[in-house]
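Dear colleague,

I am passing on a structure that you have not worked with before, and I would be glad if you kept it open while you read. My notes come after it.

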Amino acid sequence: MDFNDSAEEATFRSEAAAWLNANLPSEADLDGLTDMQKAKLWQKRKADAGWACIRWPQEYGGRGANAIEQVILNQEEAKLAAPNVGVFSIGQGMAAPTMQTWATEEQKKRYLPKLASGEEIWCQLFSEPAGGSDLAALRTKAEKDGDDWIINGQKIWTSGAQYSDFGIIVLRTDPNMPKHQGLSYFFLDMKSPGIEIKPIKQMSGASGFNEVYFTDVRVSDAQRLGEVGQGWQVALTTLMNERASIGGGGGAAGFKTAMDLANRINIDDKPAIEDKHVRAQLANWYVQESGLKFTGYRSMTALSKGEIPGPENSIGKLVGAPKSQDLASFAMDLMEQAGIVLDPDGDEMANLFQGTYMSIPGLRIAGGTDEIMANIIAERVLGLPQDVRVDKGIPFTDVPTSN
Amino acid sequence: MNFEFSEEQNLLREQARGFLQDNCSMKVVRAALEGDEPFNRDLWKKVAEMGWTSTVIPEEYDGLGLSYLELSVIADELGRAVAPLPFSSSVYLATEALMAYGTKNQKETWLPKLASGEAIGTFALGESQGQTTPKNLTTTGGSSVTGTKLPVADGDIADFAIVVTRCDQGDGANLCIVDLNQTSVIREVISTLDPSRSHAKITFNNADAEVMGEEGQGWAATQNIFNRAAILFAWEQTGGSDAALIMAKEYALGRFAFGRSIASYQAIKHKLANMYVKNTLARSNCYYGAWALDTTADELPIAAATTRVAGIQAYYFASKENIQTHGGMGFTWEFDCQFHYRRAKLLSVNIGSESQWQDKLITAVQQQNVA
């Protein structure tokens, strides 16, 4: 039992680190660019040299690398102050695997290389006002018209819709079939006439998501992935990859920041870190973070051996998000009355805890709520039966709805 | 990255699990709980014959000289089985103490006997309610020991004890090794929450003893021994937590209410999912602990406290929610849920409770930050 790379892994790591260090954009390269331009510049540079989406086959823009090599590359890139390429994650992490499984060869050759290089950005149009945790209850419809389908309805929580070139979308093509069987899956041009995008202002004040309205939007039948009525199966390909790509709250407040705070704030005129209650709380968060870290190491070991990681990896978001929420709340309590003061130019640490406090409720909901994640563990890992479903086997139009 | 047990170690796990399923079923645990025998001698003999008691003892003392990874695997399985054996006292505490602090003579006297299972050792620290510290220790001792220790796990069946005594110099404590089969040692069996492991009150009246390690360094030695034992205790706790989850799951699947299996209700599913989450955190931390023990890493104190806190929390949660999942039947004497609930508390308080280890964890992190 050790944490060391195998000989092949060590060789790959040094090769990756050498390339990253030699090609990391300089300050002069990035001068005057927007975050999007910086991301596109860095992604293109990686793609041109074969360091983007390395697990994909070479003909689609990758280099046919294995899973552990991807992890190693990510680790090495995380050590550098590289431009944030998060805008590509939905396209590369969710749309691309779906295209690889369900698209035609011609479509793969057309779309995947530009997904890898960041030249085209994709978004995911799944959730609807009436279809969140119960995603298959979505109602945006597509009706056949010659070789096209005509889309009407509304999607919600669409990250990056405003700058995306393409989107993957699940639509109801037959409302008379039972819920899951009346869905079909497409990809479409986000600049199509009839698409209207409205940002959603979150409680934190930020706008990371959009509402997307469809009014008589045309999409070609050639852009359907899977058979008509097979949309749910195709969506499962996307969702399995979503859970792999939404992590446990990176960038949110964690043990180390709370420990730093406890070192410089006083309780009863003594450093808070000397308070037994504070120490117990901090210890619990340390234990959780450590447990997640070493769970990750166990998964990496499986990848390193060419195996599929076990179900233990499914706990990350379920543990990480509530932990960050409680920790941020506790830290602000330590600040006492000052904990409530918002000052963007003020104390960086206070901003981190307050920012986490206001944004973390979203992470407990995105990509499967805490409750859905617990259901997934119960059903897929522990093998417990599904809940009774009153919408099973009846036409979708007959299913009771909230409005 | 190779953060996993080897094929041989996994084979040992299979073998241990199979052996315990055949020889240490819940019926055997129940017999220990309900019977007058202080522990299962027959099982102890078999376990020793398989070499479990000698796992990490060096070959020069008739041990197998294997690593702590093998011992971790065995601890996991013993915890799963709620084994009615003095394993933690004799192997994780007494054997560890001797290997770390015993003189050559002390090792030669006891280690071969511990390896063969012929002798059982234990560790005596507590004297009264509350945390024991060098300041409130009343038992005194060097070459002879006087005082009372209560409760001493497996104290009635042990052949010798490592006794923590008061010392007026150094860190305030000595570690003394005392043969318990002498007239100046009086042992009374006491009843406890977990009768599947017997306990004693031991009174020493000028009992012959020998100091282990440096005089006046007994407190630091105790902390070091506990750090090592904590990781093995946590493996037992994690094994027990897994067993409690499986017990709850199997019962829930077969129990019907309102026309369907209660395992299909989210209230139960989320309860079991939460058990799984805590167990997974505990198990992954145990891997870390096993690695730290195996490599005697500098961060052993952090790994020990992290592993210990996770183990305590997981086993408490799994054992109580297992009862809850069983409903009224889980609360009966007839059902086996009680074994885990009892053992969870025994393992939790035996080498320092949750709050002590939370505190130790932060202390260890502070020390690492300074270094």
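Predicted model: local features only at pLDDT ≥ 70, side-chain atom pairs only at ≥ 80, totals over all residues.

Residues are numbered from 1 along each chain as its sequence is written, and chains are lettered from A and ligands numbered from 1 in the order in which they are written.

The two chains

Between the chains, 37 residues of chain A are in contact with 36 residues of chain B (contact means that the C-beta atoms of two residues, placed from the backbone, lie within 7 Å). On the chain B side, strand 10 (260-261), helix 8 (266-295), helix 9 (300-326) and helix 11 (354-370) each supply at least two residues, and helix 8 of chain B gives the largest share, with 16 residues. Helices (H or I, at least four residues) and strands (E, at least two) are DSSP runs, numbered from the N terminus. By residue type, the side of chain B that touches chain A divides into 19 nonpolar, eleven polar and six charged residues, where Ala, Val, Leu, Ile, Met, Phe, Trp, Tyr, Cys and Pro count as nonpolar, Asp, Glu, Lys and Arg as charged, and the others, Gly among them, as polar.

Domains of chain B

Chain B is divided into domain 1 (7-116), domain 2 (121-216) and domain 3 (219-370), with bounds that come from an automatic or database domain assignment. The C-alpha centres of domain 1 and domain 3 of chain B lie 20 Å apart, and 21 residues of domain 1 of chain B are in contact with 23 residues of domain 3 of chain B. On the domain 1 side, helix 4 of chain B provides the largest share, ten residues.

Helix 4 (residues 68-80) of chain B also packs against helix 8 of chain B, at an angle of about 145° and with the axes 8 Å apart; here axes are lines fitted to C-alpha atoms, for helices over the stretch in contact, and angles run from 0 to 180 degrees between N-to-C directions. The residues that make this contact are B:Y68, B:L69 and B:S72 of helix 4 and B:C286, B:A290, B:L293 and B:D294 of helix 8.

Strands of chain B

Six of the seven residues of strand 4 (residues 160-166) of chain B are buried (buried means 20 or more other C-beta atoms within 10 Å of a residue's own, exposed 12 or fewer, and partly exposed in between, with C-beta atoms placed from the backbone). Strand 4 of chain B pairs in the parallel sense with strand 1 (residues 121-124) of chain B over four bridges, and seven bridges join strand 4 to strand 5 (residues 173-179) of chain B, running antiparallel; pairing requires that DSSP finds at least two bridges between two strands. B:A161 has bridge partners on both sides, namely B:T122 and B:V178.

Backbone details

In strand 3 (residues 144-153) of chain B lies B:P151, which is joined to B:L150 by a cis peptide bond with omega of about -10°. In chain A, the non-glycine residue A:D216 has a positive phi near 50°, and A:D216 counts as exposed because it has 11 C-beta neighbours inside 10 Å. A:D269, likewise not a glycine, has a positive phi of about 65°.

With best wishes
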